[in-house]
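Here is a short note to read beside the structure.

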Amino acid sequence: MGTATAIAPKMVVPKLGTHGCSLYSPAAGLPPLLFSRRISSHSSLCASRRNRNLLVGYLSLANSRMLQHVAVMSPLGQMPNWVKGSERMVATASLAADQEVVIDPKSQVEIPEDAENKIIVLPTNESSENLVKIRHTTAHVLAMAVQKLFPEAQVTIGPWIEKGFYYDFDMKEAFTEKDLKKIKKEMDRIISRNLPLVREEVSREEAERRIKAINEPYKLEILEGIKSEPITIYRIGEDWWDLCAGPHVERTGQLNKRAIELESVAGAYWRGDEKNQMLQRVYGTAWETEEQLKAYQVQKEEAKRRDHRRLGQDLNLFSIQEDAGGGLVFWHPKGAMIRHIIEDYWKKMHFANGYELLYTPHIAKLDLWKTSGHYDFYKENMFDQMQIEEELYQIRPMNCPFHIQVYKDALRSYRELPMRVAELGTVYRYERSGTLHGLFRVRGFTQDDGHIFCLPDQIRDEIRGVLDLTEMILKQFGFSKFEINLSTRPEKAVGSDEIWEKATTALKSALEDKGWEYGIDEGGGAFYGPKIDVKIEDAIGRKWQCSTIQVDFNLPERFNMVYVDSDTSRKQPIMIHRAIFGSIERFFGILTENYAGDFPLWLAPVQARLLPVTDNEVDYCKKVVAELKAREIRAEVIFGERLGKLIRNAETQKIPVMAVVGRKEVETETLTVRTRHGGELGNVTVADLADRIQLAISTRGVL
């Protein structure tokens, strides 16, 4: 690649404290990449030579692999108008020094031809069996190191997880940051010894004898829960062993010390039951290479910057009021506006695709939940019942039984099927306070529930229709990369072999017709039918479970649902559950983090803000705001502060369009406009600005 040159506006980039930069596209949700480049000392960097590892810029990609152009820094999330190219990606600036870096506007940043280029795509547990082995073995090494340093510590479980591993310990004294450093050093020593990991099969009696000999009561309880034999044990050298089914690397020396990090300590109840002993959970991450660890650290820092809980507060989108109760969301005007836009689009797309909307009650008699089976199988996630006139009522944890009641309100003919209904229905589920997490884990949330009642021969076409609708809606909000999984019949299931085979084949055929690649989770379906799960990938490469499409043979039978067939016989319809967002709250959190709160123009709660230089221009600004609102543009005027502060506040609040209004603008009935992504638009008329904004909204573009 040749030298890339770009002129930079003067700006200050704050220290982030990591190496490398995570690339992402706020609009397209492109895959996470890590670009690592060492920039030699250059006169354009007006800062200490310690800043030589500066990683910067706006980048254009060709074929998603070779970096073509590097432009200098600009405020994160903004696309200056001097950056060209259709495939533009934003790079997170990252410094190796304590000081800030200042780019002189008259200078250029040159990237030498021989500069090192490296793109890193982080592997996952699903894509790399070796990564699973590394993480599992590292968890064992962690436990061995802890018991070496703290002999009184009792071990419990230590699985691999999405980004690393953890191990739970029972210890009287809490681990400190200093303890973690000591543990990591001991882990490094174990790795350096290159000890073998040996799998051993023993009888249940022998395993019990060994566990009792080392006084590990938790392991004894784990052993009792293992139903299969023989019992497998993994030893690290001759010094330490654990009950384990594997897999592991062959020797500790295969672990890369520089690719392992202990991250944090948290409390965790044994078996997840708050009545049990509180344990200490040590979290860590492990990768194949040091570069992968650095890439992960950058992604992790970027995730912190995008945390929807902080952004929700900073941008005044929503709150959770502890005085009212944990896990209950209060939507503030700006967040409510975005939610309204999301729901309005959702409704329009459902009307266009043959759905009818429902509104159903928030409570029902307990008997309904007994019929559905929720009371028997889901009771621990339901709130307590309330008594009304000597009858027990239940606040709803699901919408499905209510939609069934609508179906059963009349005797249906086969000619009426498929029947498609949908509802933005709020449900309430009990979650322990320790599990609540922003909008991702709440006690009251709104599901975008849809149900299709159809004939067996209609399953394939209906599933395909749901897949098309799902893709259409998710793409509208900037998500275009999906991971699809099909879960098939488990050992215990309701429904005949014939209907399971027909439904599973229909789901496969619909996915194949769609042209989507998918994985198969054999036996992973619910007992009442096969399902399709859709994960979306966000702007920094995280995957989120979002959409679910579930065939159900169980509820139609439980509720004795029927339709009259062409031969006048009564038959049971097929029921398809489907949710595209999953829940409005969770999707809103994902959306906020995907855009880092910098919502596209069409979604932004305030699309244009007018900033008068003095109070003399306020009346004119109010008149312009009224004109913009008349053209369905969300505009406001803010005044009462110095202009510089008004501009900074608008930038902080990520307002897409700012218009500064002084005496000249009032006299000429114009606006001086600056946009968040396009920079200065100069002096324009109100009508011209409104036309541009409306065009950008209609095309889902930027201004």
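How many cavities of 30 Å³ or more does the structure hold?

1. The structure has five cavities of 30 Å³ or more. A cavity is a set of points, on a 1 Å grid over the protein atoms alone, where a 1.4 Å probe fits but cannot get out. This is a predicted model: local features need pLDDT of at least 70, side-chain atom pairs count only at pLDDT 80 or more, and totals for chains, interfaces and linings use all residues. Residues are numbered from 1 along each chain as its sequence is written, and side-chain values use heavy atoms, leaving out hydrogens and water.

2. The largest cavity holds about 100 Å³ of space, the volume being that filled by probe spheres set on the points. Its lining residues (an atom within 4 Å of a point) include L315, K334, F599 and I655. By class, eight are nonpolar, two polar and two charged.

3. The largest nonpolar core has 84 residues. Such a core is a set of buried Ala, Val, Leu, Ile, Met, Phe, Trp, Tyr and Cys residues joined through side-chain atoms within 4.5 Å; buried means under 20% relative accessible area (1.4 Å probe, protein chains only). F477, F581, L610 and L671 touch the most other members. Domain 2 (322–592) and domain 3 (608–699) each supply at least three residues; the bounds come from an automatic or database domain assignment.

4. A second, separate core has 31 residues, among them F169 and V282.

5. The whole structure has zero disulfides (pairs of cysteine sulfur atoms within 2.5 Å). C454 is buried at 0% relative accessible area. C621 is buried at 0% too.

Notes
Buried means under 20% relative accessible area, exposed over 50%, partly exposed in between (1.4 Å probe, protein chains only). On a 1 Å grid over the protein atoms alone, a cavity is a set of points where a 1.4 Å probe fits but cannot get out, and a pocket is an open set with protein on both sides within 12 Å along at least five of seven lines; lining residues have an atom within 4 Å of a point. Ala, Val, Leu, Ile, Met, Phe, Trp, Tyr, Cys and Pro count as nonpolar, Asp, Glu, Lys and Arg as charged, and the others, Gly among them, as polar.
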